[in-house]
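User: Could you take me through one part of this structure slowly? I'd like to look at how the charged side chains pair up.

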Amino acid sequence: MERKVGIIDIGSNTMRLVIYVQPQKGGPFKEAENIKMGVRLRTYLNDEHILSNKGISSLIDTLHSFQLLLHHYKVTDITCVATATIRQAKNREDILRIVQERTGFNLTLLNEYEEAFYGYTAVIHSTDIKEGITVDMGGGSTEITYFRNRELVEYCSLPFGSLSLTLDFVKGSVPTAEEKERIRQYVRSQFEDLPWIFDKKIPLIGMGGSARNLAQLHQHLINYPLAGIHQYEMDVSTIQEIKEKLKSLTLTELQKLEGLSKERADTILPSIEVFEMLLDSSKATKFIISKKGLREGILYNKIDEQDDISTSLIDIGIEEIIQDFHINIDNSRQMIKIANVLVEQVNKINKMEEYITKQDRMLLEQAACIFHLGKHLNDESSSHHTFYLLSNRSILGLSHRERVRLALVASYKGKRTFRQYIEPFKDWYTREEQKKMCLLGSILKVAQSLNITKRNVVDEIKISLKNNDWIMDIRCHDEYKPEEHRIEKQKKHLEKLLRISIIPSFTYSCPSSLPKTVK
């Protein structure tokens with residue numbers, strides 16, 4: 001039965017409603033609706049830390065609009081949380097009561113640990129990073145955690161965010177050099193009480209709107225060839241380059257920048273100062289952007305409470321693709337079995353048991369599950385559609401580099417199209433890595449040809465080497481003419497790469513003892 005979850009996140013800068021749908025129990029949740037409202041509650045918090053009546057009215061009005069959507073989607077499992085601004089408001093108890101009375105929502109006020117924990121949870125459930133520091137800069141607070149072996153070790157919540165830094169330190173529309181220096185001094189003083197962030201030399205993972213906008217801005221500046229920002233990687237020098245490009249721009253010019261949300265144009269520069277200082281203090285190896293944050297952390301926590309989560313992140317991502325494109329998994333399993341027979345022979349030829357390594361085999365099996373999935377959209381352009389869909393789709397547990405590699409193998413048609421697809425990314429991979437991807441793709445081409453009718457007719461394959469020829473003894477339990485015809489057309493890719501000749505020999509299996517799978 002379909003399960004729906006609504007999560008309302010009341011932040012200092014924005015309020016957001018996300019509705020997630022789980023089509024079947026144990027399956028992945030999909031984002032069905034994502035509505036953001038730039039309420040900026042922080043601006044309604046006065047010097048006495050009282051949220052004004054106008055601010056409360058804006059809060060209630062936005063919640064009412066969210067209610068309409070929740071009613072439309074028939075969502076009854078609703079979690080409504082608030083963070084720094086309401087947490088810091090002296091009249092927070094009144095706010096919670098008013099929200100309950102006027103909307104019916106039971107507003108949960110997250111404490112500092114909970115806000116940090118949910119961000120950490122989101123990273124653990126959406127990346128395969130083993131050790132790192134997370135930073136989630138909201139409008140009114142900044143949560144930082146340190147995890148090792150994917151276990152939370154340290155956490156803190158600092159009393160500043162992108163909006164509060166702007167309100168407290170910037171007098172004009174953009175910060176001056178002196179104001180930036182005061183921001184740095186203030187942030188540096190906050191870091192002094194966090195000895196566990198210094199000199200870690202591990203990835204820094206950024207969450208929240210400021211981090212996402214920074215990544216989107218950089219992608220536009222360099223004409224990045226992929227869509228999506230989850231697990232997008234930058235380094236300290238990249239942040240410095242962005243900072244240099246933006247330092248002389250006016251607010252109007254910032255608002256016109258591609259990739260930068262207009263509502264964050266006045267807060268992006270203070271945010272960059274914080275990210276740069278944290279990268280420098282921790283001696284981070286890279287800055288990785290996580291599209292998943294607080295809301296997803298809450299969702300994953302719900303899933304962990306009710307479902308058995310034991311599958312790897314990449315397998316979850318592949319399974320989601322299989323479901324979305326209604327892929328025949330039995331055909332994929334047969335391709336994998338055939339491909340593994342070919343892999344064993346390739347390793348023998350190279351006189352190396354691990355020429356095609358364990359990691360290569362994993363990539364091969366993942367690609368086999370979704371090989372040429374683009375045919376579900378357009379059979380004539382299945383390779384092109386496959387590469388575009390996979391390279392631009394966020395797949396949990398895969399970096400952008402790994403995602404493109406999967407797309408190149410799963411879309412393999414031949415060396416000419418491979419060169420076309422890899423052109424924007426050729427500096428990402430060595431010549432040996434490119435050769436290996438072509439080899440894996442060619443193996444899948446042969447495996448696909450031996451099950452072109454999707455009837456799993458091949459029972460057994462034995463390969464013997466004679467001079468420079470592969471003699472393939474292929475035993476089938478049913479009509480094999482389509483497979484025989486297809487392999488003659490597709491074997492050339494593997495032959496050219498290995499500099500061999502493949503001679504397939506098809507025969508019928510003995511009816512009295514038919515094996516059901518490839519040996």
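How many salt bridges does the structure hold?

Analyst: Keep in mind that this is a predicted model. The structure holds 32 salt bridges.

Let's start in helix H3, which covers residues 92-103. Here Glu101 pairs up with Arg97 in a salt bridge, and their closest N and O atoms are 3.5 Å apart. The two sit four residues apart in the helix, which is about one turn. Glu101 is exposed, because its relative accessible area of 56% is over the 50% cut-off. Arg97 comes in at 41% relative accessibility, so it counts as partly exposed.

Now hop over to helix H19, residues 481-498. Glu484 and Lys481 form a salt bridge there, with 3.4 Å between the closest N and O atoms. Glu484 has a relative accessibility of 27%, so it counts as partly exposed.

Helix H19 also holds Glu495 and Lys491, spaced four residues apart, or about one turn. They make a salt bridge too, the closest N and O atoms being 3.6 Å apart. Are these two buried or exposed? Both Glu495 and Lys491 are buried.

How values were computed
Residues numbered from 1 in each chain as written. Predicted model: local features only at pLDDT ≥ 70, side-chain atom pairs only at ≥ 80, totals over all residues. Heavy atoms only, no water. Salt bridge = Lys/Arg side-chain N within 4 Å of Asp/Glu carboxyl O. Buried < 20%, exposed > 50% of the residue type's maximum accessible area, 1.4 Å probe, protein only.
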